[in-house]
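Subject: A structure for you to explore

Hi there,

Here is the structure I promised to pass on to you. Please open it in your viewer and keep it beside this email as you read.

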Amino acid sequence: MNSFRDFEKSLCILRDRACINMLDPDQASGANGILCYGYVDHVAGLTFEGLALVSCVDDDYTIVLDNKEIGMKIRADEEKVRNAVPVSNKALLARYADRIEILDIYYEDTEVVNARAMTELDPFRHPQYPDDLFVFFLAQDKHYEQMWVRCGKYLFDADGIKVFTGTLLNEPNRDMGIHDGDEVKVGVFHTDAGPVCAWCDI
């Protein structure tokens, strides 16, 4: 199964008829795919920027309509990721370099880029919102609860525990002294059962 790493800062071809029809309502181009550039919006998640319409035949594709006047942002979901195929084409990267550069600069959050690059966090990431981590929290009654945390800045490594700041995205069901929207610290702990991402006070 594809992950966000297959698409972030890379080209892909997306087969999505609804999006194709929005770019070419009359279907005059005969396109059956969209050439896209993938990036991660810290809040909106994995996003495909539509660059051009393409005609795909087997493993080959041809641009049939440039999308220079329309900036189409396609938010990824499970189906879109499943129907997207990464492509490697230096000529097309150069062709759309101006638009790609704007996206890279605007969406390059220096506070989270290091955390996003860390593969240790991948098992805990939301598939379409890779900056959101599924984290264990220990309540005052010693019961565990799992909630989403939007990962922020990587802080430090303490005895092998990687520690990050993050924003809690849920309201806890139990009394934990924290609330939706609060900044918390989370860490990746290595246990006999495997790595665990959990709330920490380091």
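Predicted model: local features only at pLDDT ≥ 70, side-chain atom pairs only at ≥ 80, totals over all residues.

Let's start with Arg 150, which you will find in strand E8. Is Arg 150 buried or exposed? Its relative accessibility is 17%, and buried means under 20%, so Arg 150 counts as buried. Now look at what surrounds this arginine. The side chain of Arg 150 makes a polar contact of 2.8 Å with the side chain of Asp 132. A polar atom of the Arg 150 side chain also lies 3.5 Å from the backbone oxygen of His 42. If we leave out residues up to four places away in sequence, Arg 150 touches His 42, Val 43, Asp 131, Asp 132, Thr 165, Gly 166, Thr 167 and Leu 169.

Next, the aromatic rings. How many aromatic pairs does a search of the whole structure find? The search finds 7. One of them joins Phe 134 and Trp 148: the ring centres are 4.8 Å apart and the planes are at 35 degrees, so this pair is tilted. Phe 134 belongs to strand E7 (residues 132-138) and Trp 148 to strand E8 (residues 144-158), so the pair links distant parts of the chain, 14 residues apart. Phe 134 is partly exposed at 31% relative accessible area, and Trp 148 is partly exposed at 25%.

Another pair is formed by Phe 137 and Trp 199. Their ring centres are 5.3 Å apart and their planes are at 40 degrees, so this pair is tilted. Since Phe 137 lies in strand E7 and Trp 199 in strand E11 (residues 194-199), the pair ties together parts that are 62 residues apart in sequence. Phe 137 is buried, with a relative accessible area of 0%, whereas Trp 199 is partly exposed at 23%.

There is also an aromatic cluster, made up of Tyr 39, Tyr 106 and Tyr 107. Two of these names, Tyr 39 and Tyr 107, come back in the lining of the largest cavity.

What does a search of the whole structure find in the way of cavities? There is 1 cavity of 30 Å³ or more, and the volume of the largest cavity is about 50 Å³. Its lining consists of Glu 8, Lys 9, Tyr 39, Val 40, Leu 103, Asp 104, Tyr 107, Glu 108 and Arg 116. Strand E2 (33-41) and helix H4 (97-106) each supply at least two of the lining residues. Sorted by class, the lining has 4 nonpolar, no polar and 5 charged residues.

Lys 9 sits in the segment before strand E1 (11-14) and counts as partly exposed, at 42% relative accessibility.

Asp 159 is exposed, with a relative accessible area of 83%.

Enjoy exploring!

Best wishes

Terms used:
Residues numbered from 1 in each chain as written. Heavy atoms only, no water. 1 Å grid on protein atoms, 1.4 Å probe; cavity = no way out; pocket = protein on both sides within 12 Å on 5 of 7 lines; lining within 4 Å. Points joined across faces, edges and corners; volume = space filled by probe spheres on them. Helix = DSSP H or I, 4+ residues; strand = E, 2+ residues; numbered from the N terminus. Nonpolar A, V, L, I, M, F, W, Y, C, P; charged D, E, K, R; others polar. Phe/Tyr/Trp six-rings, centres within 6.5 Å; stacked < 30°, edge-to-face > 60°. Buried < 20%, exposed > 50% of the residue type's maximum accessible area, 1.4 Å probe, protein only. Polar contact = N/O pair within 3.5 Å; in protein donor to acceptor, adjacent residues only side chain to side chain. Contact = heavy atoms within 4.5 Å.
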